[in-house]
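Please open the model in a viewer and keep a selection tool at hand. The stops below say what to select next and what is found there.

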Amino acid sequence: MSFASLSFIIFLVCTFALYWLVKKREWQNPILLAASYLFYGWVTPSLAVMLGASTMLDFFLARGIQASPVRTRLFMALSLTLNLGVLAGFKYYNFFNDELANFVTSLGMNGDFFLTRVLLPAGLSFYTLKKLGYMIDVSRGMLKPTHALVDFALYVSFFPQIIAGPIERPQKLLPQIEAQRAWKADFFYGAWPLILMGFFKKIVIADNIKIISDQIFSLDEPSIFLLIMGALAFTLQILADFSGYTDMSRGFAMLFGFQTSENFNLPYTSLTPTDFWNRWHITLSNWLRDYIFFPIGRALKRSRLNLPPWQVLSIPPIATMFISGLWHGAGWNFVMWGVYYGVLISVYQLVGIRGDWKPKSPWAHGLAWFVMFTFIVIGWAMFRAPSLAWLGNILFNEPFLHSQSDLIVGLIAFSMVIAYSIPLWIKLGLDKYAKDGWLTSAYYAFATVLIIVFLNATFPDFIYNQF
Amino acid sequence: MRSFFRYLILLSALVTISWAAIPGWFNIRFPRQAGPHFNREVRRKYITTLNKEQPDIVLLGDSTMMEGVDPELLSELTGRQVSSFHSLGSASAFWYLILKNNIVIADHHPQTVIIVFRDTMLTAPGFRVYGGFLDNLDEFATDHETVLLEKAYLNHMNWAEIQAEEHIPLYSARENLREKVDTWIRYLVPAWLGCDRQCTDDAMFNVFTSAELEPGQLQSRITTVEEYLYTPSQLDFHQNVDQSFLPEIIQLTRENNIQLIVVRLKPNTIRTIRLDAPAVGQYITDLSSYLAENGVVFLDYGRDPRLRSDYFRDSLHLKPEGKTLFTQILAEGLNGVLKKD
């Protein structure tokens, strides 16, 4: 079910009314759980069944860890195998199925069956990380497993978050699920600007800038100049798209009395790669930091390998970002994108520039920002490229400009990036200097008008739905 | 709370201004009919072709037909004069309009109209009717296309959308407003460099329209669009047939004594095997019975093993050697069913 469909609006209104009418937590949670499963299984009910089965399994495995701590490793191994197995199966099957079919055909059998495309269930990558985080925390003794299946199932499937996060930690969401909730008007007054901005970023900015970025990245051999402009367009598109989704998600959660995590904190103002990952997809970065980066770092420090310090410093970020790349998708460009950030983080750290580095001179600040922003745009070019071969061909074989037409189209793309980013700059200024004033209200009123104007028959999926 | 009420006041003011300004600005009267508004002129392209070429057989279809059937070879093999009325990206709404506003009103009527389609296209009236496809439809639509409006547009809109299109200027004129914004962004910077509108449009054409697309991206675009034809609601034949253009197409050909043959072309099985293949099978069985009841000849090559995967250049389109083969296969099938002179 899409956030921008009439069926979702009806679903939201009904769930909202029923949820606050019953008042008691004992009823609110089952209602929200049923609504979340309805939302998730709306198009393909079998996905909800799969979600339910995997949720039950982790619930009982976590209880097993509590009941029998000596078997913690066994239960964790089971959970990791099943969760990562399902995720890898769905995510990477399509990557290997052509080879698999060829192999079966070479054995003289009909390999057509293996050519069936398997669609990645929406949200699988997100709720898998949620469940794994819960299991790891329980196994480490950092979290007591909940005894209420409904509460745990709601934590995993909470509908505002199930499709594309935020990847909420159990320590933050579970206590809210377990607490009594009573309606406050503040929920609505906190939620509406988030929901409005979410729709605005998605419908007005992301879906419009997507047109030029898609067109450039669909070309077989664009010039380098067009590639740069396409990458700039995608840089804006992915921010508006994903942060728009997160705003909506947080707004809808707030309507039901939940405070959920922010996922973005002005990521394109970062001065270093570490700073960028502290501001971009924050809940994923935190997850990777706590469950992959720190354990690798600790293991390296404790190991008897006696690695030189630069390796001890470099391996954790490169390995973590490699996994982050794999998590984002089955394709060498995603892997390369992850490793690229891992190497960037390592290099910055090796030259002594840490995540919280702030140069004193404004010129140095400006230069640091420009360098980092260029790295970000290059990263998105890798991420969006149809393949690494395509990107390599452009960088090594294509001219900077094919013709005058390239220059004109590139400038159109650039003017679109500027035009569609202006509202974000204005919002930034309003948040800083005129929060809750008439100007901010006027901004929201204009945003609503623009949403109506740009409301389309089609509402392309959020980019992060596919991960 | 105060900021929310301030927002409501300002929004009401903006909506009121739009209510007053938009009708005059775009010359629109309210309430207006929901859905697209077609102009009165109808292109007579195919009428001219019909009267000039006097074909016995007219082929209707999209790019898969263009790259799948060779009209000259088919003419040679069937001994009939064949004209191909293909339009890239066309679908049932377009074929209905060509039949209604060109073929049946031409002085020369072909003996047979052959529609070449894929899977559920004949009962998907809302397929390919927006964006550039809307412009194509407008070329062949009059300003009174009640059936087209209802089946291709209104039936797919919910009540709220229809009300908004009829009564709310801001919503109803959103295409015009969007065009204004787009024009402003698109032409402003090139104009500073001395590149006028024509120069800008030419540049866009040179870079995008005439350039090659990256094969993977092209495939992905095709798949995304085609997936609509395989959604559970589209695979329910009985639910869709009365809402589709198929009954009108059958009636128009019957009233004008034109034999209608529908030909199902095979998509590349290798790339489009679907988990819901049984549903496609059931759909084709139902379609087949319906066409038989209405006296329409149905030639189904949807699973023809002779059209091997290596004859396709992507998931839909045949290579030249595949085109020759399929034309021969089609001629074989037609020879037994074509209406006698």
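Colour domain 1 and domain 2 of chain A separately: their C-alpha centres lie 26 Å apart. The model is predicted. For the selection, domain 1 of chain A takes residues 6-183 and domain 2 takes 188-466.

**Stop 1: between the two domains of chain A**

To see a salt bridge of chain A, show the side chains of A:Asp290 and A:Arg169, whose closest N and O atoms are 2.8 Å apart. Polar contacts between these two domains of chain A number 16 residue pairs, with both residues at pLDDT 80 or more.

**Stop 2: an aromatic pair in chain A**

Over all chains, the structure holds 75 aromatic pairs. For one of them, select A:Phe11 and A:Phe159, which are arranged edge-to-face, with 5.1 Å from centre to centre and 80° between the planes. A:Phe11 belongs to helix α1 of chain A and A:Phe159 to helix α7 of chain A, so this pair ties together parts 148 residues apart in sequence.

**Stop 3**

The salt bridges over all chains come to 29. Select A:Asp247 and A:Lys201, a salt bridge in which the closest N and O atoms are 2.7 Å apart. Here A:Asp247 sits in helix α10 (residues 224-255) of chain A and A:Lys201 in helix α9 of chain A, so that distant parts of the chain, 46 residues apart, are linked.

**Stop 3: chain A against chain B**

Now show both chains and select the residues in contact: 45 from chain A and 38 from chain B. The area buried between chain A and chain B is about 4200 Å², with 73% of it on carbon and sulfur atoms. Which kinds of polar pairing are found there? Chain A and chain B have zero salt bridges between them, while nine residue pairs are in polar contact across the interface, both residues at pLDDT 80 or more.

On the side of chain A that touches chain B, select α9 (185-218), α17 (404-433) and α18 (438-454) of chain A, the elements that give two or more residues to it. The largest share of this side comes from α18(A), with 11 residues. By class, this side of chain A divides into 30 nonpolar, nine polar and six charged residues.

**Stop 5**

Most residues other than glycine have a negative phi, and most peptide bonds are trans. Two places in chain B are worth a look with this in mind.

Select B:Phe30 and B:Pro31: the peptide bond from one to the other is cis, with omega near -5°. B:Pro31 is in the loop between α1 (2-26) and α2 (45-53) of chain B.

Finally, select B:Gln54. Is phi of B:Gln54 positive or negative? The value is positive, near 50°, in a residue other than glycine. B:Gln54 is placed in the loop between α2 and β1 (57-61) of chain B.

Note on methods: Residues numbered from 1 in each chain as written. Chains lettered and ligands numbered in written order. Predicted model: local features only at pLDDT ≥ 70, side-chain atom pairs only at ≥ 80, totals over all residues. Heavy atoms only, no water. Domains from an automatic or database assignment. Salt bridge = Lys/Arg side-chain N within 4 Å of Asp/Glu carboxyl O. Polar contact = N/O pair within 3.5 Å; in protein donor to acceptor, adjacent residues only side chain to side chain. Contact = heavy atoms within 4.5 Å. Buried area = accessible area lost by both parts, 1.4 Å probe. Helix = DSSP H or I, 4+ residues; strand = E, 2+ residues; numbered from the N terminus. Nonpolar A, V, L, I, M, F, W, Y, C, P; charged D, E, K, R; others polar. Phe/Tyr/Trp six-rings, centres within 6.5 Å; stacked < 30°, edge-to-face > 60°.
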